[in-house]
Amino acid sequence: MPMTPSELNAFCAALPATTHVVQWGGADVWKVGGKVFVISSTGITFKVSPMSYEVLRQMPGLRPAPYLLRAACCGSSTMPNPG
């Protein structure tokens, strides 16, 4: 079952050294050290390692984030369930 936006925010808030801002038209943006690692609005975009990016971009339901390609980000139209 997909994760709700509230569950994603709770998950990110529980990670060490994270900060949260709402920007870019109301998206929840999570950062560590001022660097974005998750963007959530109607779906989710997350930063991954270059190796993970190569694997994840080939999985059904995930796609490269067109506006963040240089940062090796993947996006989904639904929230994943990390559990």
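## Basis of the values

Because the model is predicted, local features need pLDDT of at least 70 and side-chain atom pairs count only at pLDDT 80 or more, whereas totals for chains, interfaces and linings use all residues. Residues are numbered from 1 along each chain as its sequence is written, and side-chain values use heavy atoms, with hydrogens and water left out.

## Helix H1 and its cover

Helix H1 spans residues 5-14, and its buried residues are Leu 8, Asn 9 and Cys 12; buried means under 20% relative accessible area, exposed over 50% (1.4 Å probe, protein chains only). Helices (H or I, at least four residues) and strands (E, at least two) are DSSP runs, numbered from the N terminus. Seen down the axis of H1, the buried residues fall within an arc of 100 degrees, so they line one face of the helix, the arc being that of the directions from the helix axis to the C-beta atoms.

The face turned away from this buried side carries the exposed residues Ser 6 and Ala 14. The cover over the buried residues of H1 includes strands S1 (18-23), S2 (27-32), S3 (35-40) and S4 (44-47), where contact means heavy atoms within 4.5 Å.

## The S3–S4 hairpin

Strands S3 and S4 form a hairpin with three residues between them, and they pair in the antiparallel sense over three bridges; pairing requires that DSSP finds at least two bridges between two strands. Within this pairing, Val 38 stands opposite Phe 46 in S4.

## Loop residues with positive phi

Ala 17, in the loop between H1 and S1, has a positive phi of about 65 degrees although it is not a glycine, and at 63% relative accessibility Ala 17 counts as exposed. Trp 24, in the loop between S1 and S2, is likewise a residue other than glycine with a positive phi, near 55 degrees, and Trp 24 counts as exposed at 55% relative accessibility.
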